[in-house]
Amino acid sequence: MKPVDPRPDDLSTCQAMVIDSHATSRSILVAQLRDFGVGKVVQCLSTAHARRLLEHERFDMVLCEHQFDSSSSSGQDLVDDLRRNQLLPFSTVFIMVTAEATYTKVAEAAESALDGYLLKPHSANNLGERLYQARARKIALRGIFEAIDEGDFERAASLCVSRFEARAPYWLYAARVGAELLLRTGQYDKAQTLYEAVIAAKTLPWAKLGVARSLLDSGQTAKATSAIENLLGENPNYADAYDILGRAQFELGKYELAMNSYQMAVDMAPDSISRSQNLGLMMYYVGDRKQAEKVLERTVRLGLDSKMLDCQTLVLLGFMRIEANDRKGLQRCCDDFKRVVERCTDTARGQRLSNIMSTLMDILEHQSAEAVRTIRELARGVKSPEFDFESASNLLALTSLLAQRTIQLDEVNGMIDTLGMRFCTTKPLSELLAGSAASFPSYAERIRACHPQIAKFTESAMSLSLRGDPKGAVEDLIAHGNSTLNGKLIETAYLVLQRYGEKIDGHTSLMATVQELRTRFAPANARSVLGDPKRQAGELILRTGGTAARALPGMQPVAPPEPRHAIMNTALTDKTNALARPS
């Protein structure tokens with residue numbers, strides 16, 4: 001028998017949270033909720049306290065004050081971070097309470113997919129109306145969210161599109177969820193079409209940003225950049241757009257512009273742990289270590305007790321501490337790291353980073369033999385599918401620190417060549433990887449020398465294709481891709497096979513070989529992946545089975561899903577695209 005939907009006005013089994021630093025306002029909201037029959041009401045005086053509770057406990061509804069006198073963090077900052085870090089399920093009703101009702105504030109609420117915006121002073125009827133309306137929407141869309149919980153994203157997306165096309169109740173909200181599902185499953189063109197249909201029906205900034213994300217995720221970086229710049233011209237205070245613009249600029253190798261965009265996003269939400277963290281990571285990897293240290297230190301202060309703080313932040317601070325011979329500072333990093341790594345859901349990654357931290361301490365304490373043993377152990381995994389750009393950067397940084405102290409491994413040159421040939425997919429990424437070895441310049445130059453070799457392999461294959469031998473081009477790319485594990489070479493082989501199709505003898509067998517390589521090494525694992533998975537700007541979060549499952553940023557195919565949040569990724573060069581075109 002089909003379960004009966006709960007009544008929107010039955011709140012007896014609900015658990016609510018009220019976040020307000022003012023005792024009087026807080027007590028009024030609590031009393032009104034209890035009058036409505038809410039089963040349990042939890043009170044919080046600050047966003048920091050609320051964040052900690054929301055990270056560990058599920059609430060049916062949250063009423064949050066927008067402005068807190070004793071803190072620079074606002075209710076909007078809280079909901080942005082919760083959405084960004086997959087900590088606020090769609091089933092939770094989140095209502096912002098404020099004395100300010102400007103267009104900007106209302107727009108912020110809409111962009112965060114809030115369920116309501118309650119203006120002070122309010123009556124009990126006003127609050128009840130907001131709560132019942134929000135719960136009615138949750139109930140109406142229950143079929144969609146049940147499909148998401150079951151992992152049936154195709155059915156969930158279809159339900160969303162059907163509701164949008166029929167203009168059924170809550171069609172606009174359903175369209176946003178549907179577009180995220182289409183991006184999640186790699187259907188970028190369909191997602192773009194849906195976003196454009198939303199714009200045509202009702203122009204909204206999030207839909208325009210969705211179009212830009214679709215373009216970016218499908219590799220059309222220049223078009224995406226132009227679309228975002230146009231959006232920011234219309235909405236200069238749209239923080240999520242700066243996040244996406246920074247990502248696009250990074251993919252184009254425009255590092256200074258990218259840092260400026262990330263800085264703008266941080267300026268708009270200074271207490272956002274994720275944004276501050278991304279900016280610090282960015283600064284570190286492009287060489288601005290002094291400024292990176294300041295930003296990452298502040299990030300640790302903001303998020304040490306939060307799930308939003310990523311272990312890699314403390315690893316990078318550890319590298320900077322040892323470069324400064326700061327024993328006490330490194331010990332603090334290690335102590336903080338132990339607290340943070342306990343919350344790491346990826347235990348394999350947590351162990352790798354733990355090994356990095358312990359090796360840093362060994363190096364500082366002149367325990368060279370133990371440091372060498374750990375580095376050799378890490379180096380044994382350089383050809384495994386799980387070994388990513390972050391791992392390569394950390395391993396290079398460690399070996400460079402040892403070499404700086406006149407301790408060089410006999411096998412180090414071979415290891416560096418292996419890393420370079422695998423991860424130097426573009427010149428910008430080659431420079432990033434080389435930057436990890438900045439403390440020992442000869443290693444950095446060895447990394448830089450790998451990119452021209454990869455480019456030479458690509459050009460050689462292109463020559464074969466242009467001479468009418470696409471099969472030879474694919475076989476050449478497979479051979480070099482198999483030996484180097486370079487994602488660009490593997491993906492280029494896939495593009496050539498797609499372009500020429502059945503015209504290539506043995507197409508099926510070649511495609512099976514390429515797909516196996518793609519699944520293990522490209523394109524997701526070829527990308528520079530720094531930090532843990534967080535919500536990408538402009539996304540909603542789709543929680544499944546009680547666990548947050550992020551709407552994928554689109555920088556990888558459907559299988560396998562990318563294991564970590566990517567703030568940087570590779571893009572195929574013009575030569576690669578030319579290779580896939582007919583001669």
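Contact here means heavy atoms within 4.5 Å, and helices (H or I, at least four residues) and strands (E, at least two) are DSSP runs numbered from the N terminus. Bear in mind that this is a predicted model, in which local features need pLDDT of at least 70 and side-chain atom pairs count only at pLDDT 80 or more, while totals for chains, interfaces and linings use all residues. Residues are numbered from 1 along each chain as its sequence is written, and side-chain values use heavy atoms, with hydrogens and water left out.

Stay with helix 19 and colour Ala-371, Val-372, Thr-374, Ile-375, Leu-378 and Ala-379, which are buried. They lie on the same side of helix 19 because they cover an arc of only 165° around the axis, the arc being that of the directions from the helix axis to the C-beta atoms.

Next, select Phe-319, Leu-395 and Leu-419, the residues with the most contacts inside the largest nonpolar core, which has 96 residues. Such a core is a set of buried Ala, Val, Leu, Ile, Met, Phe, Trp, Tyr and Cys residues joined through side-chain atoms within 4.5 Å. The largest share of this core, nine residues, comes from helix 20 (residues 389-404). Around Phe-319, leaving aside residues up to four places away in sequence, the residues touched include Tyr-284, Ile-356, Leu-360 and Leu-401.

Move on to helix 24 (residues 450-466), where the buried residues include Ile-454, Phe-457, Ala-461 and Leu-464. The buried residues of helix 24 line one face of the helix, because they fall within an arc of 160° when seen down its axis. Turn to the other side of helix 24 to find Lys-456 and Leu-466, which are exposed, and then step just past the helix to Gly-468, which takes a positive phi of about 90°.

Finally, select strand 4 (residues 93-98), in which six of six residues are buried, with Val-93, Ile-95 and Val-97 on one side and Phe-94, Met-96 and Thr-98 on the other. Strand 4 pairs in the parallel sense with strand 3 (residues 61-65) over five bridges, where two strands pair if DSSP finds at least two bridges between them, and Ile-95 is the bridge partner of Leu-63. Strand 4 also pairs in the parallel sense with strand 5 (residues 116-119), over four bridges, and there Ile-95 stands opposite Gly-116.

Terms used: Buried means under 20% relative accessible area, exposed over 50%, partly exposed in between (1.4 Å probe, protein chains only).
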